[in-house]
Amino acid sequence: MEKITLLNKSLYGSALPESIYINSVELSHAICPELIGLCLNEKTAESALWSFSEHRFLLGNCDDLFIEKGAFQTRIRYENRAPQSANNPSAIFNLVLLGGILKSYSPAMNMQIAVTDSDIPHRSLVNDLFNKNCLLRQQDDAIILDNRFLESENESFNPLLNRLQKSHIGALKKQIFREPPLTAAVNKLIEQCYLSGQEATASSIMGRVCQQLRISRWTLNRRLQLESATFTQLLNQQQLLISMRLLRESTLSIQEIGDRLGFSSHSVYSRFFKNHLQISPMQYREQGRHS
């Protein structure tokens, strides 16, 4: 990040040029057509927002993006993870880029952009892009918009192309995050344990995994460490992935999903889910129904 900062300064000086802001969607599409192309071909603006959040690893996601949907407004919060010494422009650029994607669904969409800085380059231009004055010296870098704008539909939505785009991105994700051999095997076995409907405590699942692989618990933990993983990490990862799948695709109640995944209570399961995705299981299920 520090090296990129030096490169930005040598190319652009102290601030990114206006063209970077005006053409953020086009420039990003040239770099990553898979992500931007999908975001421009979703059924609604809300679906585009969630696609950007889910697949932004294709652009490089060293920072964090949080989508907080309230009763009337949605706050899209961006957290900069760059080193203190790096003058990282990614926060404002990513917010401008996301704003441009959302406005492709409704050009008249009004959004409020909030930034932690006391000033930003080309502030008047950013104000024009978002149709509102930028809020300075805020607690977070964020976009705030009314929920009604998220319902804006894409008149050119192509469902077949959308499925092909998501399939292609899924293949890219497998290439990028290819798992080491033991990690992949353990993940598969944990998934089978949870979906079998049998008792799903961490200890019982570890016992079944070791039995299938014919190794001791000590050997399993030691070999996972060589692949930069732990059994608990893989267990939590599968709990989250299976949760998301069951909430989207099954008619099981949230209590039943929590029970199947070995959580001691509804509140413990909801807290686990919200800690990872910043929304509750019920909110995730509702968003899936409307996307």
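**Ground rule**

I call a residue buried when its relative accessible area is under 20%, exposed when that area is over 50%, and partly exposed in between. I also remind myself that this is a predicted model.

I looked up Arg77 first. Its relative accessible area is 13%, and the cut-off for buried is under 20%, so Arg77 counts as buried. Its side chain meets that of Glu79 in a salt bridge, 2.4 Å from N to O. Glu79 comes out at 22%, so I put it down as partly exposed.

Next I checked the strands. β1 runs over residues 64-69 and β2 over residues 73-79, and the two pair in the antiparallel sense. I count six bridges between them. Looking across from Glu79 in β2, I see Asp64 standing opposite.

**Other salt bridges**

How many salt bridges does a search of the whole structure find? It finds eight.

I picked out Glu191 and Arg245, whose side chains meet at 2.5 Å, N to O. This pair links distant parts of the chain, with Glu191 in helix α10 and Arg245 in helix α13, 54 residues apart. Glu191 is buried at 15% relative accessible area, whereas Arg245 is partly exposed at 29%.

I also looked at Arg148 and Asp146, which form a salt bridge at 3.7 Å, N to O. Arg148 has 54% relative accessibility, so I log it as exposed. Asp146 has 26% and goes down as partly exposed.

**The largest pocket**

I then turned to the largest pocket, which has a volume of about 2,300 Å³. Its lining is made up of 49 residues. Nearest the centre I find Glu54, Lys173, Leu241, Met244 and Arg248.

Which helix gives the largest share of the lining? That is α13, with 10 residues. Several other elements supply at least two residues each, among them β1, α5 (45-55), α9 (159-176) and α10 (181-195). I also have α15 (266-277) and α16 (281-290) among the elements that supply at least two.

By type, I get 15 nonpolar, 17 polar and 17 charged residues in the lining of this pocket.

**Asn236 in α13**

While on α13, which covers residues 231-249, I looked up Asn236.

Last, I went to helix α3, residues 24-31, where I find Ser24, Val25 and Ser28 buried. Why do I place these three on the same side of α3? They cover an arc of only 95° around the axis, and that puts them on the same side. On the other side of α3, I have Glu26 and Ala30 as exposed.

Notes. Residues are numbered from 1 along each chain as its sequence is written. This is a predicted model: local features need pLDDT of at least 70, side-chain atom pairs count only at pLDDT 80 or more; totals for chains, interfaces and linings use all residues. Side-chain values use heavy atoms; hydrogens and water are left out. Two strands pair if DSSP finds at least two bridges between them. Helices (H or I, at least four residues) and strands (E, at least two) are DSSP runs, numbered from the N terminus. On a 1 Å grid over the protein atoms alone, a cavity is a set of points where a 1.4 Å probe fits but cannot get out, and a pocket is an open set with protein on both sides within 12 Å along at least five of seven lines; lining residues have an atom within 4 Å of a point. Grid points are joined across faces, edges and corners, and a volume is the space filled by probe spheres set on the points. Ala, Val, Leu, Ile, Met, Phe, Trp, Tyr, Cys and Pro count as nonpolar, Asp, Glu, Lys and Arg as charged, and the others, Gly among them, as polar. A salt bridge is a side-chain nitrogen of Lys or Arg within 4 Å of a carboxyl oxygen of Asp or Glu. Buried means under 20% relative accessible area, exposed over 50%, partly exposed in between (1.4 Å probe, protein chains only). The arc is that of the directions from the helix axis to the C-beta atoms.
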